[in-house]
Amino acid sequence: MIHITLPDGSLREYDQPLSIHEMAASISPGLARAAVAGRVNGVQVDCDFMLEQDARVSIITPREPEGLEIVRRSCALLLAMAVKQVYPRAQLLAGSALGDGFFYEFAYDRAFTATDLLLIEARMHQLAATNHTIRRRELPWKKVLAFFIALGEHYKAELIRALPEDDCLWLYSLGNFEDLCHGPHIPSTAILQAFRLAHITRNGAPLQRIYGGCWESQQELDAWLAPQQAVVVNLDERQADYAQSVVDELRRAGVRVNGDLRKEKISHKIRHHREHGVPCLLVIGDKEMSGGFVSARTCTGEDLGEMKVGQIAEWLNAQVHLNA
């Protein structure tokens, strides 16, 4: 008999091993449909993870931050598959969730364009609609390395060579596409409906990143795409987590705000958002992160100085009332 303790402290008994998805279905069909992963004794696992002994288990859905991060991570996997189908010569590097969305880095013999993004996004929607199952398999380091060498994925092979040789690595499969990436991932692509490709950043020829936004619902995606009161921009990737925490705090205060966490020069980010008429830019570097504040400036270049997050939230909301 397997004893499963749920988050509310209640106990369920099962007479044979079962997967996270099966356990969710035993609670309710709705929970099974919403499940993107599970948490077993505090560790995130895929929905096909088998429960074979007593454990504390919770079901992760996109309604919680961890669940939405998993959805976005899987959207990065879908992006990689779409690019390989549309542009087979593109080389895979790595991707993940980031801020309000996801990214994947590729090596390609020419720069991707806005037209390319439209084609890639259309293929992503086609793949999502086919409801591909996402599965994983564990292989020794040497076999994973040989797998990507055989595919001609030389950049990915170099990334694997940097890992400890005694590791066993996870390959996630999506249709006939497989990639080495962190999990867990969603059980199937039907969950991926509300996403949009947004930017391309070139990190030196031939490396380039494609960024997108991803949400649980189309309504949330539409709000993300709508004009914002402010955009938070970080100097480099070291401040990404703090920058996203500022975005989250401002949203809780009722501010319409997005974060631009791209691996891009800060001057380029500022110029881009000024050209698009964003009313206020909130810049975050190491000084702002260590001090727990932001450096604010308007799109016209007026320097508003260093402000705590609560202060800038009050100022931004006051501007809305003044302009109403």
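Contact here means heavy atoms within 4.5 Å, and the model in these views is a predicted one.

**View 1. Helix H4 and what sits on it.** H4 runs over residues 114–129. Covering its buried residues are, among others, helix H3 (65–86) and the strands S9 (101–107), S13 (194–202) and S14 (207–215).

View 2. Asp116, Leu117, Ile120, Glu121, Met124, Leu127 and Ala128 are the buried residues of H4. They lie on the same side of the helix, because the arc they cover around the axis is only 130°. An α-helix has 3.6 residues a turn, so residues three or four places apart point the same way. On the face turned away from that buried side, look for the exposed Thr115, Leu118 and Ala129.

**View 3. The largest nonpolar core.** This core has 39 residues, and Leu79, Phe102, Ile120, Met124, Phe195 and Ile210 have the most contacts inside it. Two or more residues each come from H3, S9, H4, strand S11 (168–174), S13 and S14. H3 is the top contributor, with 11 residues.

**View 4. Zooming in on Leu79.** Leaving out residues up to four places away in sequence, Leu79 touches Phe102, Phe103, Tyr104, Phe106, Ile120, Met124, Leu197 and Ile210. Elsewhere there's a second, separate core of 20 residues, including Tyr242, Leu261, Ile284 and Ile312.

Technical notes. Residues numbered from 1 in each chain as written. Predicted model: local features only at pLDDT ≥ 70, side-chain atom pairs only at ≥ 80, totals over all residues. Heavy atoms only, no water. Helix = DSSP H or I, 4+ residues; strand = E, 2+ residues; numbered from the N terminus. Expected span 1.5 Å × (residues − 1). Buried < 20%, exposed > 50% of the residue type's maximum accessible area, 1.4 Å probe, protein only. Arc of directions from axis to C-beta. Core = buried A, V, L, I, M, F, W, Y, C linked by side-chain atoms within 4.5 Å.
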